[in-house]
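Let's take a friendly walk through one protein model, stopping at a handful of residues and helices along the way. Keep the picture open beside the text as you read.

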Amino acid sequence: MSAVCVVRRPLIAAELSDVEQRYKAHLEQLFLETSVLSDHEIQVMEETVKLKKRQRMGYDDDEDGALVLAADKEDMAADKLQEFQPAARLTEADMTTNRSSQLRKLDVPLFLLVKQKLGNKAVWMMPQGSRQEGETLRQTAERILMTCCGTHLRTTFYGNAPCGFYKYKYPRTVRSENNVGAKVFFFKAELSGGEVECNSDDVQEFAWVTPEEMKEYLPQKYLDSVLPLAVSI
């Protein structure tokens, strides 16, 4: 079998820790102390000297009223900055705990889990399915992802080789002498756009979860196999 570990990369930077904030302040101070003046700062200094000279000589500053000075540009930029409102870090999906939305937990990676039929039961797992004759494992993974999640989900696979595997035995009721269990090979893929559509009868639900939230969905043995894949991305 092939399975796909689909990741939605972080969309915004994570909040800085206390150590990171102090280090950032240190770097900014170091940069301020060691940097040379920019063209704008030089222009401000030159214009300040000229204005003082004009005032001593009795010139009327209003004569150059149409001229935009560097200090005027600073004032205009400050006014624009006051009008700017950054987008909220928390989305509606965060506030409603809607785990079927990609637009949650924007500062951490999310992974796609589906509630898929396995025998007579529906269990949470990464999208997976059996290899068909003539397919490579990569082709199986691509087909399974399309079957489980629809044609609108766009992903980029990382390579042709699996990044891990998980094996399990079938329930005794469905085992045979030549068919005891399955080995599932995982492929990594990155979400590049689109939405999940559960068009298959085998898939009932889906969720975008963090590695920590995987513990709420996956059996421990399966989790032990897939968690290293999630942590390494």
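Thr140 has its place in helix 5 (residues 137–149), where helices are DSSP runs of H or I with at least four residues, strands are runs of E with at least two, and both are numbered from the N terminus. With a relative accessible area of 0%, Thr140 is buried; buried means under 20% relative accessible area, exposed over 50%, and partly exposed in between, using a 1.4 Å probe and protein chains only. Which residues is Thr140 in contact with, leaving aside its neighbours within four places in sequence? They are Ser2, Gly129, Ser130, Arg131, Gln132 and Glu135, with contact meaning heavy atoms within 4.5 Å.

A word on the source: this is a predicted model, in which local features need pLDDT of at least 70, side-chain atom pairs count only at pLDDT 80 or more, and totals for chains, interfaces and linings use all residues. Residues are numbered from 1 along each chain as its sequence is written, and side-chain values use heavy atoms, with hydrogens and water left out.

Gln116 is found in strand 2, and its relative accessible area of 6% makes Gln116 buried. Beyond its neighbours within four places in sequence, Gln116 is in contact with residues including Lys121, Met125, Pro127, Cys148, Asp202 and Val203.

Phe186 lies in strand 7 and is buried too, at a relative accessible area of 0%. Not counting residues up to four places away in sequence, Phe186 touches several residues, among them Ala3, Met126, Pro162, Tyr166, Tyr222 and Leu229. Asp94 is 92 residues from Phe186 along the chain, and their C-alpha atoms are separated by 29 Å.

**Rings that pair up**

How many aromatic pairs does the structure hold? There are 5. Rings of Phe, Tyr and Trp (its six-membered ring) pair if their centres lie within 6.5 Å; planes under 30 degrees apart count as stacked, over 60 as edge-to-face and the rest as tilted. Here are two of the pairs.

| Pair | Centre to centre | Angle between planes | Kind |
|---|---|---|---|
| Phe165 and Phe185 | 6.3 Å | 40 degrees | tilted |
| Tyr166 and Tyr222 | 5.0 Å | 80 degrees | edge-to-face |

Why is the pair of Phe165 and Phe185 tilted? Their planes stand at 40 degrees, so the pair falls into that class. This pair links distant parts of the chain, with Phe165 in strand 6 (residues 164–169) and Phe185 in strand 7 (residues 181–193), 20 residues apart. Phe165 counts as partly exposed at 43% relative accessibility, and Phe185 is partly exposed at 27%.

Now for the pair of tyrosines. Tyr166 lies in strand 6 and Tyr222 in helix 6 (residues 220–232), so their pair ties together parts that are 56 residues apart in sequence.

**Helix 2 and its partner**

Helix 2 (residues 39–56) has 18 residues and reaches 26 Å from its first C-alpha to its last. That is close to the expected 26 Å, the expected span being 1.5 Å times one less than the number of residues. Just after helix 2, Gly58 takes a positive phi of about 85 degrees.

Two packed helices are described by the angle between their axes and the distance between the axes. The axes of helix 2 and helix 3 (residues 70–83) come within 8 Å and cross at roughly 125 degrees. Axes are lines fitted to C-alpha atoms, for helices over the stretch in contact, and angles run from 0 to 180 degrees between N-to-C directions. His40, Gln43, Val44 and Glu47 of helix 2 make the contact with Ala70, Ala71 and Glu74 of helix 3.

**Positive phi in a loop**

Most residues other than glycine have a negative phi. Thr97, in the loop between helix 4 (92–95) and strand 2 (110–118), has a positive phi near 50 degrees. Thr97 is exposed, with a relative accessible area of 62%. Lys105 has its place in the loop between helix 4 and strand 2, with a positive phi of about 45 degrees although it is not a glycine. At 34% relative accessibility, Lys105 is partly exposed.
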